[in-house]
Amino acid sequence: MNFSAVAPKVFKAVLALDAAARDGIDPVLLELVQIRASQVNRCAYCIDYHTSDARKAGETEERIHQLSAWEESSLFTVRERAAVALTEAVTRLPEGVPDAVYEEAAKHFAEKELAQLIALIFTTNAWNRMNVATRKTPGTE
């Protein structure tokens, strides 16, 4: 399904939400968050899309490859680790967001930054769900 053609109002609304969610977030961190949420959600289209954007933002291949095992990797900063942990918790929402994960993120991000980060995570999840549900695959428009 070409969701943007079939439901253009919804698609445009998600695009606007996406633009608002990105505001003020470091481009590399933004891509790490989007890649990790997409990995958790198994959205091949979004993984492909965001790894390409991560490279353009200056991210290294090594860090992109190790993102799926970020907890065991020494390549990520404490701030990035807090963001990725929050990403996983929000993405796996039925399990809830543990207080310790939220508190760790709050240590590394000012309140406005944290709000933007949460918005980025739930927006990425919306894209993942749209693309997985409509069977969008890498290499398609």
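This is a predicted model: local features need pLDDT of at least 70, side-chain atom pairs count only at pLDDT 80 or more; totals for chains, interfaces and linings use all residues.
1. Does Arg135 count as buried or exposed? Arg135 counts as exposed, because its relative accessibility is 65% and the cut-off for exposed is over 50%. You'll find this residue in the segment after α8.

2. Arg42 is worth a look next. This residue sits in the loop between α3 and α4, the latter covering 44-56. Its phi is positive as well, about 60°, although Arg42 is not a glycine. With a relative accessibility of 72%, Arg42 counts as exposed.

3. Now to the helices, starting with α2 and α8. Helix α2 covers residues 8-22 and helix α8 residues 111-133; their axes come within 8 Å and cross at roughly 150°. That angle makes α2 roughly antiparallel to α8, since anything over 145 degrees counts that way. The crossing of α2 past α8 is left-handed.

4. Who does the touching there? On the α2 side the contact residues are Phe11, Val14, Leu15, Leu17, Asp18, Ala20, Ala21 and Arg22, and on the α8 side they are Gln116, Ala119, Leu120, Phe122, Thr123, Trp127 and Met130. Sorted by class, the contact of α2 with α8 has 11 nonpolar, 2 polar and 2 charged residues.

5. Helix α8 also meets α3. Here the axes come within 9 Å and cross at roughly 40°. This makes α3 oblique to α8, and α3 passes α8 in a right-handed crossing. From α3 come Leu30, Val33, Gln34, Ala37, Ser38 and Asn41, while α8 brings Leu117, Leu120, Ile121, Thr124, Asn125, Asn128, Arg129 and Val132. The class count for the contact of α3 with α8 is 7 nonpolar, 6 polar and 1 charged. If you are tracing residues by eye, note that Leu120 of α8 is listed in the contact with α2 and again in the contact with α3.

6. Helix α3 has a further partner in α4. These two pack at an angle of about 160°, and their axes are 9 Å apart. They are therefore roughly antiparallel to each other, with a left-handed crossing. The α3 residues involved are Glu31, Gln34, Ile35, Ser38 and Gln39; those of α4 are Cys46, Ile47, His50, Thr51, Asp53 and Ala54. In this contact of α3 with α4 the residues divide into 4 nonpolar, 5 polar and 2 charged. Gln34 and Ser38 of α3 turn up here, and they are also on the list for the contact with α8.

7. What about the inside? The largest nonpolar core has 15 residues, and those with the most contacts inside it are Val33, Leu86 and Leu117. Helices α3 (27-41), α6 (78-91) and α8 each supply at least two residues of this core. The largest share, 5 residues, comes from α8.

8. Leaving aside neighbours within four places in sequence, Val33 is in contact with Ala83, Thr87, Leu117, Leu120 and Ile121. Apart from this core lies another, of 10 residues, with Val28, Leu32, Ile64 and Ala85 among them.

9. Not counting residues up to four places away in sequence, Glu80 touches Leu29, Leu32, Arg63 and Leu75. One of these, Leu32, belongs to the 10-residue core.

10. Last stop: Ser68, in the loop between α5 (61-66) and α6. Which residues does Ser68 contact, once neighbours within four places in sequence are left aside? They are Arg36 and Gln39. The C-alpha atoms of Ser68 and Gln39 are separated by 7.3 Å, and the two residues are 29 residues apart along the chain. With 45% relative accessibility, Ser68 counts as partly exposed. Gln39, for its part, is also among the α3 residues in the contact with α4.

Note on methods:
Residues are numbered from 1 along each chain as its sequence is written. Side-chain values use heavy atoms; hydrogens and water are left out. Axes are lines fitted to C-alpha atoms, for helices over the stretch in contact, and angles run from 0 to 180 degrees between N-to-C directions. Helices (H or I, at least four residues) and strands (E, at least two) are DSSP runs, numbered from the N terminus. Angles under 35 degrees count as roughly parallel, over 145 as roughly antiparallel, 65 to 115 as roughly perpendicular and the rest as oblique. A crossing is left-handed if the near helix is turned anticlockwise from the far one by less than a right angle, and right-handed if clockwise. Contact means heavy atoms within 4.5 Å. Ala, Val, Leu, Ile, Met, Phe, Trp, Tyr, Cys and Pro count as nonpolar, Asp, Glu, Lys and Arg as charged, and the others, Gly among them, as polar. A nonpolar core is a set of buried Ala, Val, Leu, Ile, Met, Phe, Trp, Tyr and Cys residues joined through side-chain atoms within 4.5 Å. Buried means under 20% relative accessible area, exposed over 50%, partly exposed in between (1.4 Å probe, protein chains only).
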